[in-house]
Amino acid sequence: MIFDGMDHFLAAHAADFRSRPAALVFAEDAVELASTLQHLSALGFGQIAVLCDDLLVWPEEAPARVHRIRGNIFQEEALSLAVNRMIAAAPGAWLHYCYNGEYLHYPFCETRSVLDVCTFQSEERRDTIVTPVVDLYAADTRRHPDGVDRATAMLDRIGYYALQRGDPLKNWEPKPRQFDLFGGLRWRFEEHVPWTKRRIDRVSLFRAVPGLIFREDHSFNIEEYNTLNCPWHHNLSGAVCSFRTAKALRINPGSREAIHSFAWAHSVPFEWSSRQLMELGLMEPGQWF
C-alpha cells in the first residue's frame, strides 16, 4: 500500500506496532531494497514501511505487506524526523530503522523471531539492543563497480575498537557504559569519510517511550539508550550488516578513483549467519540462549 506521508501511514498502522516490532527502511535508492525487505519479513517484523521519493523504482520482489511512504528523503534531518514520528505515535512499541542494503542480525536470528528477542530484552529490563554497523563489500569491485554483491559479500574479521565517550557538558568526563565504536571501511579509508561519519555504533532496535528523541547522529536524548550494557551484566547485542559505506565510497568520484579494491589480508567471506558474527566478536548473546 502507498501512503502520502508518515502521518497517513501512522494513522492507519501505529496501533499495530504494539503486537509485533515494526521496521522503517530509509530507501536512498533501489540497491538491494528487495533483499532488505525480504530479510526484515523473514525476521518477523509486523509492519514494514519504506520511506522513499516518487522516483524510486519499486522492486517487484518486495513482500506484499510492505508499505510505501512518499516523502522527501533528502530534506535536512529526514531520518530523525521520520523515526521520531514513529516514536511519538507508538509508545511502548519496539521499533527498528535501517537503510536499504542493510541487514539486521542478532544471536540465533535464523531460528528466533525479532519478537522473541525483543520480549527477552524487555524481561532483562532493557529498552534497547545495540547494533553496531558491520561493513559488507563486494569481493571484486571490477565486476561489481558499486561495491555491492550479496553472493560474494566480504567483511573485516579484525580492526574494530572502542573509545570511551566523553561528556562535553562535564569537561569531557567519561560517560558510564558509553563508547564510540570504530572499524570496517570507515576506519580503513577514513581519509575519504568525514570525521562526523566515522563511528559505527548504532542502536537501531529499541522500545519507544514518551519523551524519547532520536538524533541525527544515531543517538538518543535518554542517556541509558546510548549505553552498551545494563549496570548488572552484559546484555545481548546485534549487528547491522551494511553495504552502505561501500556503496558511498564507490559513488564518490574521489574515493572511487583512489580505492581499487576493498579486500585486504583480513577480509573474510560473509556467511550470512549470526554464528559467524558471534565467533568474530561482532555481537554477543549475553544471557540469551
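**Pockets, cores and a buried strand**

Helix α6 gives the most to the lining of the largest pocket, with 6 residues. Keep in mind that this is a predicted model. Start with that pocket. About 1000 Å³ of space lies in it. Its lining is made up of 36 residues. Those nearest the centre are Arg186, Thr196, Lys197, His218 and Arg244. Look for the elements that give two or more residues to this lining: they are α3, β12 (173–182) and α6 (244–251). Which classes of residue line the largest pocket? There are 15 nonpolar, 7 polar and 14 charged residues.

Now turn to the second largest pocket. About 360 Å³ of space lies there. It is lined by 18 residues. Closest to its centre are Pro132, Leu181, Ser237, Gly281 and Leu282. Strands β8 (133–135) and β11 (161–167) each supply at least two residues of this lining. By class, the lining of the second largest pocket has 12 nonpolar residues, 5 polar ones and 1 charged.

Next, the interior. In soluble globular proteins, nonpolar side chains tend to be buried together. Here the largest nonpolar core has 32 residues. Phe17, Leu51, Val83, Met86, Ile87, Leu95 and Phe206 have the most contacts inside this core. Five elements can be picked out as giving two or more residues to it: α1 (6–13), β2 (22–26), β3 (48–52), α3 (78–89) and β5 (94–99). The largest share, 6 residues, comes from α3. Helix α3 is also one of the elements that line the largest pocket.

Zoom in on Ile87. Which residues does Ile87 contact, once its neighbours within four places in sequence are left aside? They are Leu95, Phe206, Ala208, Val209, Leu212 and Phe214. Leu95 and Phe206 are also among the core residues with the most contacts.

Finish with strand β4, residues 66–70. Why is β4 described as largely enclosed by the rest of the structure? The reason is that 4 of its 5 residues are buried, which here means under 20% relative accessible area. Follow its pairings. Strand β1 (residues 2–3) runs parallel to β4, and 2 bridges join them. Ile2 stands opposite Arg68 in β4. Strand β3 also runs parallel to β4, joined to it by 5 bridges. There, Ile48 stands opposite Val66 in β4.

Definitions and conventions. Residues numbered from 1 in each chain as written. Predicted model: local features only at pLDDT ≥ 70, side-chain atom pairs only at ≥ 80, totals over all residues. Heavy atoms only, no water. Core = buried A, V, L, I, M, F, W, Y, C linked by side-chain atoms within 4.5 Å. Buried < 20%, exposed > 50% of the residue type's maximum accessible area, 1.4 Å probe, protein only. Contact = heavy atoms within 4.5 Å. 1 Å grid on protein atoms, 1.4 Å probe; cavity = no way out; pocket = protein on both sides within 12 Å on 5 of 7 lines; lining within 4 Å. Points joined across faces, edges and corners; volume = space filled by probe spheres on them. Nonpolar A, V, L, I, M, F, W, Y, C, P; charged D, E, K, R; others polar. Pairing = 2+ DSSP bridges.
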